[in-house]
Amino acid sequence: MRILILVAIISITLVFSQPVPVLSDNFAALVDALIDDRVVNRVHVWEDYDDQKTRFDFERGPVQVHRYHFYKLRKTYEVELHSQNCTVIPLTTTLQPAFGWVLNATHDKNPCYSNIERGRIGDEWSYATSTYSLYLCVDRADVNRPLWLESVSAKDMIRNYFQFHSYFPGVPKPEIFELPPFCSK
């Protein structure tokens with residue numbers, strides 16, 4: 001009888017427990033973004049965590065901007081395509097893994113929802129340190145598909161929020177990080 005009760009408890013736990021999402025820190029994505037509490041709108045993101053570089057393509061008003069962060073070189077290149085303007089900015093931060101924290105996250109057991117695909121339900125995961133809080137909503141049907149990601153600074157409560165239109169795990173092709181000819185390293 002005790003064995004049957006134990007088997008029943010384990011079975012119920014397995015049925016209702018959510019597997020931890022496994023999301024690559026090397027990826028390409030299309031997101032709608034709110035950065036430092038400012039709306040940036042649609043952003044193409046490529047992150048090569050292994051080689052410590054990222055690229056963000058977005059529009060600033062009518063201007064198409066490509067921003068490259070090369071963490072090993074400690075430089076950011078902000079490229080305005082139409083004017084062929086290339087600005088080099090010192091990079092003083094380090095690249096944090098976008099999803100590495102998820103393995104230590106807590107499943108909040110709260111449903112969350114996609115703001116892009118009406119009716120798509122997800123599960124929320126969270127992780128907090130003394131400096132920031134992170135929240136991730138993953139698709140209930142595919143826990144390895146992010147719906148949205150949010151970070152909140154503990155110091156000043158600045159919020160960064162990303163709604164995923166798409167997410168493709170894997171190291172982006174090297175040519176994604178090639179600067180245009182008018183902008184040299």
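Start with the lining of the largest pocket: by class it has 25 nonpolar, 10 polar and 8 charged residues. Here Ala, Val, Leu, Ile, Met, Phe, Trp, Tyr, Cys and Pro count as nonpolar, Asp, Glu, Lys and Arg as charged, and the others, Gly among them, as polar. A pocket is an open set of points on a 1 Å grid over the protein atoms alone, with protein on both sides within 12 Å along at least five of seven lines, and lining residues have an atom within 4 Å of a point.

Before you click on, note that this is a predicted model, where local features need pLDDT of at least 70 and side-chain atom pairs count only at pLDDT 80 or more, while totals for chains, interfaces and linings use all residues. Residues are numbered from 1 along each chain as its sequence is written, and side-chain values use heavy atoms, with hydrogens and water left out.

Next, select Ile35, Phe56, Ser151, Asn160 and Phe162. Of the 43 lining residues, these lie nearest the pocket's centre. The volume is about 1,600 Å³, taken as the space filled by probe spheres set on the grid points, which are joined across faces, edges and corners.

Now colour by strand. β1 (26-35), β2 (38-48), β3 (53-60), β4 (63-70), β9 (132-139), β10 (146-153) and β11 (159-169) each supply at least two lining residues, and β2 gives the largest share, with 6.

Time for the cysteines. How many disulfides does a search of the whole structure find? There are 2, counting cysteine sulfur atoms within 2.5 Å as a pair.

Pick Cys112 and Cys137, whose sulfurs are 2.0 Å apart. This pair links distant parts of the chain, from strand β7 (residues 106-113) to strand β9, 25 residues apart. The link is right-handed, with 95 degrees about the S-S bond. Both Cys112 and Cys137 are buried, that is, under 20% relative accessible area with a 1.4 Å probe and protein chains only (exposed is over 50%, partly exposed in between).

Then go to Cys86 and Cys183, with sulfur atoms 1.7 Å apart. Cys86 sits in strand β6 (residues 85-90) and Cys183 in the segment after β11, 97 residues apart. Cys86 is partly exposed because its relative accessibility is 23%, whereas Cys183 is at 4% and so counts as buried.

How values were computed: 1 Å grid on protein atoms, 1.4 Å probe; cavity = no way out; pocket = protein on both sides within 12 Å on 5 of 7 lines; lining within 4 Å. Helix = DSSP H or I, 4+ residues; strand = E, 2+ residues; numbered from the N terminus.
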